[in-house]
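Biologist: Can you put the model up? I'd like to go through it piece by piece.

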Amino acid sequence: MNCLSVLQYAVEILKIKHIIVCGHYGCGGIKAALENQPHGLIDNWLRHIRDIHQRRSNELLHLSTAEEKINRLCELNVIEQVKNVGNTTIVQEAWRRCQTVTIHGWIYAISDGLLKDLDACVSSVADLAKIESL
Ligand SMILES: [Zn+2]
């Protein structure tokens, strides 16, 4: 509700044109999601990451180190959240009104300070359909 309230205010009142979903490599939340032990309330959020992990298990299996798996899951989670933002009624309604709103999926590496664009940019329902398979 917190995030959706901010999103609604930004899109409908401020008429912002760009929404950036930004993750980071080496994320403790992603690491925790990969462990099979309870973490309390945060498990409600981690469950969604576990779902992504399950859906993409074939791809993740081919990565050799735990670090590579965690970092790829960090990227996949960003892409998934770009889809989630694009599927909110707030963004869907904005696009229906022909309001310009673009959602970008980026990831940050604390190790080198660089931002990477994950090429999961969506500006329309058609764009969203294209990244659904990512
Ligand atoms: Zn994190």
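Modeller: First a term: on a 1 Å grid over the protein atoms alone, a pocket is an open set of points where a 1.4 Å probe fits, with protein on both sides within 12 Å along at least five of seven lines, and lining residues have an atom within 4 Å of a point. A volume is the space filled by probe spheres set on the points, which are joined across faces, edges and corners. This is a predicted model, in which local features need pLDDT of at least 70 and side-chain atom pairs pLDDT 80 or more, while totals for chains, interfaces and linings use all residues. Residues are numbered from 1 along each chain, and side-chain values use heavy atoms, without hydrogens and water.

Biologist: How much space lies in the largest pocket?

Modeller: About 540 Å³. The lining has 17 residues, and Cys 3, Trp 45, Gln 81, Asn 84 and Val 85 are the closest to the centre.

Biologist: Which elements give two or more residues to that lining?

Modeller: Helix 1 (2-13), strand 1 (18-24), helix 3 (43-55) and helix 5 (66-86). Helices (H or I, at least four residues) and strands (E, at least two) are DSSP runs, numbered from the N terminus.

Biologist: How do the lining residues divide into nonpolar, polar and charged?

Modeller: 11 are nonpolar, 6 are polar and none is charged. Ala, Val, Leu, Ile, Met, Phe, Trp, Tyr, Cys and Pro count as nonpolar, Asp, Glu, Lys and Arg as charged, and the others, Gly among them, as polar.

Biologist: Which pairs are parallel or antiparallel?

Modeller: Strand 1 and strand 2 are parallel, over 7 bridges. Strand 2 (residues 102-108) and strand 3 run antiparallel, joined by 3 bridges. Trp 106 stands opposite Asp 117 in the latter pair.

Biologist: And what does His 24 stand opposite?

Modeller: Tyr 108 in strand 2.

Biologist: Is Cys 27 buried or exposed?

Modeller: Cys 27 is buried, at 18% relative accessibility, whereas His 24 is partly exposed at 30%. Buried means under 20% relative accessible area, exposed over 50%, and partly exposed in between (1.4 Å probe, protein chains only).

Methods. Pairing = 2+ DSSP bridges.
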